[in-house]
Amino acid sequence: MSELTAPFFRPADAETIQWWLSHGVRKPLGHKVSALLTIEREVLKAWGVLSQQGEVFGVDQLIQEMNSRSATPRTDRGIYTKISRMSLWLAHSGVVWRERASEMGVGHSRSMIFSLRAPTEVARNWKGSPRATQDNPEVWRKSAKANGSPTPPAVEPHVDKIEATHRLLRQLEGQALTTTNADDNEHWTLNLVSQLLERCSRASTRDRSESLASRIQLGSEHVDVTTISSHQRSSDGSYYGMITGDDAQLILAILTTAVQDITRARASGQRPRNWLRIDLQDLFRLLIPNGTRKEYKAMQAGMARIINTEFILEFDQDGSLKARMEEAQGGQSVDRFRFRLVEHVVEGLDDEPLALDEWEPSDAGMRYFAFSLHPLLFQGLQNGQGLLVHPELLYERSGLVHKLYHHLRLHSGPSAPYIVHAEDLLTSLNLATGANYRRARIDFSENLWDLLRERSVRAGALLPSELTEPTPVRLFDLDLIVAPTDHHKSALVIEAYHSDETKQLIERQEARRRRLQQQALQDGSGEQGFLPFLNYDK
């Protein structure tokens, strides 16, 4: 051992080496950082070869192996300097773990020995903010200041690399969750976001709650969801706080834009890129052609809420979903999963990501945005796991109608009806926010009937102002029978069925899913057109 030259390297398993080589050690954003630098690739490949010996090796052996693979002559000193710098930023990023090399014998108590960590280990043990060092504090030198506490070496020059590694690991977390879908016919990607919209959003901006607790169902298991926001400021509630039901239209438009991008990329034989650019003003003119300035500001406020909203999913401790997720993440304990619809947001026409802790929404700007979808969402869209909704829903502005449609669409079927009372909808859609529940259920039932009447008028059908008998109603592609009950004044019950049009949407949805999955294996062409898809992730 004493013949080796410090620093030293522990052997790494081939799977870990290959993962970092395949995925990179960072997820780039803009042009500041690269996924994998040339020196990093060279070191990882040489590390992999030398690890086959199953013994600790020195930097001299690493340099020799790197030079044997290089067609260009290089000095050992030059490579040593690059390795030293690289090992520091990889240690700050958590990819490499540094320890004192006392085990290597006399004279090496101050030398370093490096271990290559698995991505799941780095993610599981991440401490502090996305820009915080993950280096081992046991190897830090004491500061010259009076208190003499150890300080990390030169973190500031590497914070962009640290954050980019954290961004990559967050993506890994989403990919691991996707792999738990054992049954290809259980499109939980549909199920999750659908329920987030219908159950885990505020009724309106008048609800100033800072968090919202809900329960959804994934497969046969219950999952508790807490909805929170990065920003809370009661003086300007419309721009701050959690998403509301009225934001569902903008979410649908964003996901439709993503599907268009995927379709175009597939048609041209390119790999779809998870990076969307939208112009809110153009989107507003498309969705609300005769909209007012006030309505445009409402859309800007909705975008701010979408950016700021985070969902925290807590799994059943004894459920199979938790066990399958832990298995997918290499045995890592998974009690909760944090989920944002959009990530890495850039406002304006430049490539600088928002510092969300400091960002102040303003109607003066907030026109151009670029961002990526959560990896779960984007992967689901690529695989065709999107809900093909009725085209007119894209132009529906009422959050209550969106909540109602998604609830009835996912619970109803082609033959057996889904039957639900209005007061049960009031609770399950998280609309009962007032203290007077008896009054709220009456008001909700009356409001619900008025909305159904208005939508029927748009479709060319006239309904009575008062509901006195079972009445057929068409809600986009769903067939409903709405009937009065004697539970309370204005009480009503809904029977919901899939219509022939719903069946056609589902058939097109399934055909597209099969086509996209085949295109993922072969270069092929995708379908064209402005298709209102809504993706929901499991």
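**A salt bridge and its sheet**

Modeller: The side chains of Asp-135 and Arg-98 meet in a salt bridge, at 2.7 Å from N to O. A salt bridge here is a side-chain nitrogen of Lys or Arg within 4 Å of a carboxyl oxygen of Asp or Glu. The model is a predicted one, in which local features need pLDDT of at least 70 and side-chain atom pairs count only at pLDDT 80 or more, while totals for chains, interfaces and linings use all residues. Residues are numbered from 1 along each chain as its sequence is written, and side-chain values use heavy atoms, with hydrogens and water left out.

The pair links distant parts of the chain: Asp-135 lies in the loop between α5 (119-124) and α6 (159-178), whereas Arg-98 lies in strand β3, 37 residues apart. Helices (H or I, at least four residues) and strands (E, at least two) are DSSP runs, numbered from the N terminus. Asp-135 counts as buried, at 5% relative accessibility, and Arg-98 also counts as buried, at 10%. Buried means under 20% relative accessible area, exposed means over 50%, and partly exposed lies in between (1.4 Å probe, protein chains only).

Four strands form an open sheet of mixed pairing, in the order β2-β1-β4-β3. Its edge strands are β2 (57-58) and β3 (96-100), each of which pairs on one side only. Two strands pair if DSSP finds at least two bridges between them. Strands β1 (residues 8-9) and β4 (residues 112-116) run parallel and are joined by 2 bridges; Phe-9 stands opposite Phe-114 in β4.

Two helices accompany these strands. Helix α2 (residues 38-51) lies across β1, β2, β3 and β4, running at about 95° to β4. Helix α4 (residues 76-92) packs on the sheet and touches β1, β3 and β4, and its direction makes about 105° with that of β3. Contact means heavy atoms within 4.5 Å. Axes are lines fitted to C-alpha atoms, for helices over the stretch in contact, and angles run from 0 to 180 degrees between N-to-C directions.

Other salt bridges may be set beside the one requested. A search of the whole structure finds 24 salt bridges. Among them, Asp-224 and Arg-215 meet at 2.9 Å, N to O; Asp-224 is partly exposed, with a relative accessible area of 34%, and Arg-215 counts as partly exposed at 46%. Arg-10, Glu-99 and Glu-103 are linked in a network of salt bridges.
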